[in-house]
Amino acid sequence: MKAAVRSRYGLPEVLNIEETERPVVGDEEILVKVFVTTVNRTDCANLTGKPYVVRIFTGLTAPLNAIPGTDFAGEVIEIGKQVSGFKPGDRVFGFDDSGLSSMAEFTSVSVKKAIRLIPDGISFEQAVASAEGAHYAINFINKVKLHKGERALVNGGTGAIGSALIQLLKYYGLKVVATGPTEHLDKLTEIGADRNINYQKEDFTKDQGKFDYVFDSVGKSTFGDCKSLLVEDGIYISSELGPYSQNPFLAISTTFSEGKKVRFPLPQNTPASLELISRLLENGHFRPLIDRSFEMEDVRHAFSYVMTGQKIGNVLLKIRDK
Ligand SMILES: NC(=O)c1ccc[n+]([C@@H]2O[C@H](COP(=O)([O-])OP(=O)(O)OC[C@H]3O[C@@H](n4cnc5c(N)ncnc54)[C@H](OP(=O)(O)O)[C@@H]3O)[C@@H](O)[C@H]2O)c1
């Protein structure tokens, strides 16, 4: 089978398209014919092995998985002896941030991982683009107790995490203000933001609004910068560790003090995230933001584009025709 392959950590140039052995399905696995995957920020970290902490999961000195890819949408073509709940012909999608070797024509995946049937009426492309960013966005909101009518500010609303987060917050009945670049402000309105801030023209930290939550889904601010935006018991969450890795420490120290708090989202429970997102896809409450699609042969360009930090939502990598 055709696959994107690398033997060491590095920039997109370490990737080559090669003929490799098709995986053999294990007893608790399903063999999936992959139609489409995404190139996302988690893939970029897994490709470069940076930040170094990711190597605890992906291999200390060299990548454990020669074939990258953290998500897929495709068709089940074979099931292992002990598998129930899936059958050949099923349309499925899945995600695992430590890697699923899905930048390949076939992948064999344990059914213990986060795999779901694609809801009727949802395309392979929509399904696969609803995994990575949405999972991290769900992990943001799992750190708080949302109430209808509360106000949230999402910095980086055009990103994969931000665009999913806006839709989730609207689903739970919050008022949402989101930041984005001039070119894509209309996208924020399309996905449900009540008000937009053009980050290229305005400093969102100087906004006059007061918010119950500030979610920085591109990790470009600090708790200190955002404190004046928060109500007395408001909560700040960022996708990044922050300067000097301050965010996890602030999350601990503010737990024991009165007033504004920091929470730090360590992504977990991927199956629960995909279960929720499947339900929202099914009932029309969630539609992923998709930027563009690259052919598998252009995998290096796809990674280079995502690494610019300028993609909006999700970037697809087409593996084969349906
Ligand atoms: N904790 C984790 O496990 C985890 C996992 C995945 C990702 N991440 C991190 O989460 C962050 C977001 O990932 P993502 O995939 O959602 O990002 P993304 O899709 O790459 O976000 C890019 C979008 O954000 C916009 N943007 C860039 N800088 C901005 C700023 N200062 N203010 C407002 N908007 C800005 C960009 O606009 P322009 O076109 O103007 O640049 C672009 O539309 C990244 O920092 C990533 O490293 C963390």
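## D207 and its surroundings

Setting aside neighbours within four places in sequence, D207 touches I197 and L229. This is a predicted model, so the description here is of computed geometry. D207 sits in the loop that links β10 (195-198) to β11 (211-216).

For a sense of distance, take D207 together with P88: the two are 119 residues apart along the chain, and their C-alpha atoms are separated by 53 Å.

## Helix α5

Helix α5 covers residues 160-171.

The buried residues are A160, I161, G162, S163, A164, L165, I166, Q167, L168 and L169. After the helix comes G173, which has a positive phi, near 85 degrees.

## Around the ligand

The ligand is surrounded by 28 residues, and the closest of them are T158, G159, I161, P181 and S239. I161 is also one of the buried residues of α5.

Which element gives the largest share of this shell? That is α5, with 3 residues. At least two residues each come from α1, α4 (132-141), α5 and β9 (175-180). Sorted by class, the shell holds 16 polar, 8 nonpolar and 4 charged residues.

## Helices α1 and α10

Two packed helices can be described by the angle between their axes and the distance between the axes. For α1 (residues 41-48) and α10 (residues 299-307), the angle is about 110 degrees and the axes are 10 Å apart. The two helices are therefore roughly perpendicular to each other, because angles from 65 to 115 degrees fall in that class.

Which residues make the contact? From α1 come R41, C44 and L47, and from α10 come F303, V306 and M307. By class, the residues of this contact are 5 nonpolar and 1 charged, with no polar ones. Beyond its packing with α10, α1 also supplies at least two residues of the shell around the ligand.

## Backbone details worth a look

In the loop between α1 and α2 (55-58) you will find P51. The peptide bond joining K50 and P51 is cis, with omega about 0 degrees.

S245 is not a glycine, yet its phi is positive, at about 55 degrees. This residue belongs to the loop between β12 (230-238) and α8 (246-255). S245 has 12 other C-beta atoms within 10 Å and is therefore exposed.

N269 likewise is not a glycine and has a positive phi, of about 50 degrees. Its place is the loop between β13 (261-263) and α9 (270-282). Is N269 buried or exposed, or something in between? N269 has 13 C-beta neighbours inside 10 Å, so it counts as partly exposed.

Note on methods: Residues are numbered from 1 along each chain as its sequence is written. This is a predicted model: local features need pLDDT of at least 70, side-chain atom pairs count only at pLDDT 80 or more; totals for chains, interfaces and linings use all residues. Axes are lines fitted to C-alpha atoms, for helices over the stretch in contact, and angles run from 0 to 180 degrees between N-to-C directions. Helices (H or I, at least four residues) and strands (E, at least two) are DSSP runs, numbered from the N terminus. Angles under 35 degrees count as roughly parallel, over 145 as roughly antiparallel, 65 to 115 as roughly perpendicular and the rest as oblique. Two residues are in contact if their C-beta atoms, placed from the backbone, lie within 7 Å. Ala, Val, Leu, Ile, Met, Phe, Trp, Tyr, Cys and Pro count as nonpolar, Asp, Glu, Lys and Arg as charged, and the others, Gly among them, as polar. The expected span of a helix is 1.5 Å times one less than its number of residues. A residue is buried if 20 or more other C-beta atoms lie within 10 Å of its own, exposed if 12 or fewer, and partly exposed in between; C-beta atoms are placed from the backbone. A residue is near a molecule or strand if its C-beta atom, placed from the backbone, lies within 6 Å of it.
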